[in-house]
Amino acid sequence: MLKNLEELNGMREAGRLAAEVLEMISDHVRPGISTGELDKICHDYIIEEQKAIPANVGYRGFEKTLCTSINQVICHGIPDFNRILKSGDIMNIDVTVIKDGWHGDTSKMFLVGKTQSHNERLVKITQECLYKGIEAVRPGARLGDIGHAIQVHAEKNHYSVVEEYCGHGIGKIYHDEPQVLHYGMAGTGLEILEGMCFTIEPMINLGSKSTKLLADGWTVETQDGRNSAQWEHTIYVNKDGAEILTLRKEER
Ligand code: MF3
Ligand code: CO
Ligand code: CO
């Protein structure tokens, strides 16, 4: 679904609000706080300050505002007042905000306290994977170019790319077509067109790419128990490339 200027402006506002949630929560992320508390702070901020809607609440039965995915958790970790952050944890916070019907979906990694250098490296390279995926976006390129750029960078660093979960078209619908794979062959797949909006959200593992779904029906972990990282942006395809709708101040 291609966005016209009015629709793009709706997406810009939703994206800005989602980015703002991650900016706002940064100062709260430290050893001793629970992921349940982080979730509550973001939930109340979205509703009371942003006058917006936390899209994850009630989404396919999910009950929280954030996904908080720590260490070996790849994605969809459920915030919990009993899960207290400790020094050395690495955590992804993923949030989606709805404003005037438009969705903005973004996530970033946080290093909690003092972390090991191999974890910092994983987090940094995964962010580079996201940026390399974004750089492959332009009208006339193909979705496979995005996946290829991500996969090459991950594997060059001896990491693996999670295959079961992918980026997605986004707009009035949260998870729309097309699927945006984080691996693949250059020059293959759907042609990228000006006006498209989709997310890129690579999940990169230190060890093997295999995943397992926990009994709660949501939490996805690495099968080998080694750590995983993820970063996500919502982008709009303009005539020259990608406009990042969820860009944070720290990235400018
Ligand atoms: N925000 C996630 C994504 O990037 C989806 C979370 S769905 C939830 O697509 F229900 F787990 F919140
Ligand atoms: Co997403
Ligand atoms: Co997300």
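Predicted model: local features only at pLDDT ≥ 70, side-chain atom pairs only at ≥ 80, totals over all residues.
E201 is buried, and so is E232.

- For comparison, ideal angles at a metal are 90 or 180 degrees for six octahedral donors.

**Cobalt ion (ligand 3)**

- The protein donors of the cobalt ion (ligand 3) are D94 (OD), D94 (OD), D105 (OD) and E232 (OE), at 2.1 to 2.4 Å from the ion.
- The six donor atoms around the cobalt ion (ligand 3) subtend angles of 58 to 164 degrees, and the arrangement is therefore irregular.
- The spacing of the donors of the cobalt ion (ligand 3) along the chain is D-x10-D-x126-E.
- D105 lies in strand β5 (residues 102-111), whereas E232 lies in the loop between β13 (228-230) and β14 (233-237), so the pair ties together parts that are 127 residues apart in sequence.
- D105 and E232 are both buried.

**Largest pocket**

- The volume of the largest pocket is about 630 Å³.
- Its lining comprises 31 residues, of which Y59, H76, Y165, C166 and H175 lie nearest the centre of the pocket.
- Two or more lining residues come from each of β2 (66-70), β4 (90-99), β7 (167-169) and β8 (176-180).
- Strand β8 gives the most to the lining, with four residues.
- By class, the lining of the largest pocket has 12 nonpolar, 11 polar and eight charged residues.

**Backbone features**

- Most residues other than glycine have a negative phi, and most peptide bonds are trans.
- The peptide bond from E177 to P178 is cis, with omega near 0 degrees, and P178 is located in strand β8.
- K51, a residue other than glycine, has a positive phi near 50 degrees.
- K51 is found in the loop between α2 and β1 (53-54) and counts as exposed because its relative accessibility is 61%.
- R60 likewise is not a glycine and has a positive phi of about 50 degrees.
- R60 occupies the loop between β1 and β2, and at 70% relative accessibility R60 counts as exposed.

**Further loop residues**

- N227 is located in the loop between β12 (220-222) and β13, and its relative accessibility of 13% makes N227 count as buried.
- The side chain of N227 makes a polar contact of 2.9 Å with the side chain of N119.
- H28 is located in the loop between α1 (5-25) and α2 (35-49), and with a relative accessible area of 27% H28 is partly exposed.
- The C-alpha atoms of H28 and L38 are separated by 7.2 Å, the two residues being 10 residues apart along the chain.

Definitions and conventions. Residues numbered from 1 in each chain as written. Chains lettered and ligands numbered in written order. Heavy atoms only, no water. 1 Å grid on protein atoms, 1.4 Å probe; cavity = no way out; pocket = protein on both sides within 12 Å on 5 of 7 lines; lining within 4 Å. Points joined across faces, edges and corners; volume = space filled by probe spheres on them. Nonpolar A, V, L, I, M, F, W, Y, C, P; charged D, E, K, R; others polar. Donors = N, O, S within 2.8 Å, 3.2 Å for Na, K, Ca; no water. Tetrahedral: all angles 85-135°; square planar, octahedral: opposite > 155°, others 65-115°. Buried < 20%, exposed > 50% of the residue type's maximum accessible area, 1.4 Å probe, protein only. Polar contact = N/O pair within 3.5 Å; in protein donor to acceptor, adjacent residues only side chain to side chain.
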